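Here is a friendly briefing to read with the model open beside you.

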Amino acid sequence: MGTIEGSNRTPRVIASLFGLAAIAAFAVVGAFQILVWNPLAAVPGASLDEIHEGLARANESISAPTVVTWAFLGTALGAVVVLLSAAGSLGRLRTVVLLDLLILGLGAPSYSLVSFHAGMALADAFFISGGDYAPWGGVLYTVSAAALLAGLIVVVTNGRSGAAPATA
């Protein structure tokens with residue numbers, strides 16, 4: 001039989017698992033965007049192998065280990081929230097939600113930093129601009145901005161739900 005503490009912890013753990021799934025999806029899409037989709041869109045008609053050969057000829061690299069490390073670290077942060085929720089270290093559901101939203105919100109700036117080198121490598125090797133060519137970078141920025149906005153709403157509405165209106 002579960003304890004009262006265990007049953008109180010369940011919504012936090014479930015929320016943290018949803019947060020982890022969203023963070024992992026962001027990381028996977030971000031990694032594919034940088035390593036596969038954007039290079040293919042930036043150099044239309046070329047295969048991924050041909051793109052990597054062109055990068056190698058120009059002494060450039062997309063730096064896949066950096067991208068994979070970025071994706072792993074973001075997902076690991078989401079996993080830490082799950083572990084802290086399961087351990088009961090995060091006492092409130094709103095704390096769990098805010099942490100997950102913050103991790104997602106920081107996804108866009110970190111994606112921008114990680115993708116910069118890959119974009120510049122493509123630009124230098126193929127004489128193109130270094131921006132996103134595939135649409136998924138924009139999707140990542142939108143998700144990140146929405147997460148930050150949602151986090152701001154959660155912070156601003158702190159304690160307002162169910163509160164009686166103040167009287168003069």
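Predicted model: local features only at pLDDT ≥ 70, side-chain atom pairs only at ≥ 80, totals over all residues.

Residues are numbered from 1 along each chain as its sequence is written, and side-chain values use heavy atoms, with hydrogens and water left out.

**Overall fold**

- The protein chain has six helices and zero strands; helices (H or I, at least four residues) and strands (E, at least two) are DSSP runs, numbered from the N terminus.
- Along the sequence, the pattern reads α-α-α-α-α-α.
- Of the 168 residues in the protein chain, 33% are buried; buried means under 20% relative accessible area, exposed over 50%, and partly exposed in between (1.4 Å probe, protein chains only).
- Among contacts (heavy atoms within 4.5 Å) between residues at least 6 apart in sequence, 82% join residues at least 24 apart.
- The protein chain has an accessible surface of about 9600 Å², and carbon and sulfur atoms account for 71% of that surface; such areas come from the Shrake-Rupley method with a 1.4 Å probe, and for residues only the protein chains shown count as cover.

**The largest nonpolar core**

- A nonpolar core is a set of buried Ala, Val, Leu, Ile, Met, Phe, Trp, Tyr and Cys residues joined through side-chain atoms within 4.5 Å.
- The largest such core holds 30 residues, and Ile34, Ile51, Leu55, Ile62, Val67 and Trp70 touch the most other members.
- At least two residues of this core come from each of α1, α2 (48–57), α3, α4, α5 and α6 (136–156), and α1 gives the most, with seven residues.
- Ile51 touches Pro39, Leu40, Val43, Ala46, Leu122 and Phe126, not counting residues up to four places away in sequence.

**The largest pocket**

- On a 1 Å grid over the protein atoms alone, a pocket is an open set of points where a 1.4 Å probe fits, with protein on both sides within 12 Å along at least five of seven lines.
- The largest pocket has a volume of about 220 Å³, where points are joined across faces, edges and corners and a volume is the space filled by probe spheres set on the points.
- Its lining has 13 residues, with Trp70, Gly74, Ile103, Gly107 and Ser110 the closest to the centre; a lining residue has an atom within 4 Å of a point.
- α1 (4–42), α3 (64–87), α4 (93–105) and α5 (107–126) each supply at least two lining residues, and α3 gives the most, with five.
- The lining divides into ten nonpolar, three polar and no charged residues; here Ala, Val, Leu, Ile, Met, Phe, Trp, Tyr, Cys and Pro count as nonpolar, Asp, Glu, Lys and Arg as charged, and the others, Gly among them, as polar.

**Single residues to look up**

- Gln33 lies in α1 and counts as buried, at 0% relative accessibility.
- Beyond four places in sequence, Gln33 is in contact with Asn38, Pro39, Tyr111, Asp132, Ala134, Trp136 and Gly137.
- Arg9, also found in α1, is partly exposed at 22% relative accessibility.
- Leaving aside neighbours within four places in sequence, Arg9 is in contact with Ser85, Ala86, Ala87 and Gly88.
- Ala79 lies in α3 and is partly exposed, with a relative accessible area of 27%.
- Ala79 and Leu20 are 59 residues apart in sequence and 6.2 Å apart in space, C-alpha to C-alpha.
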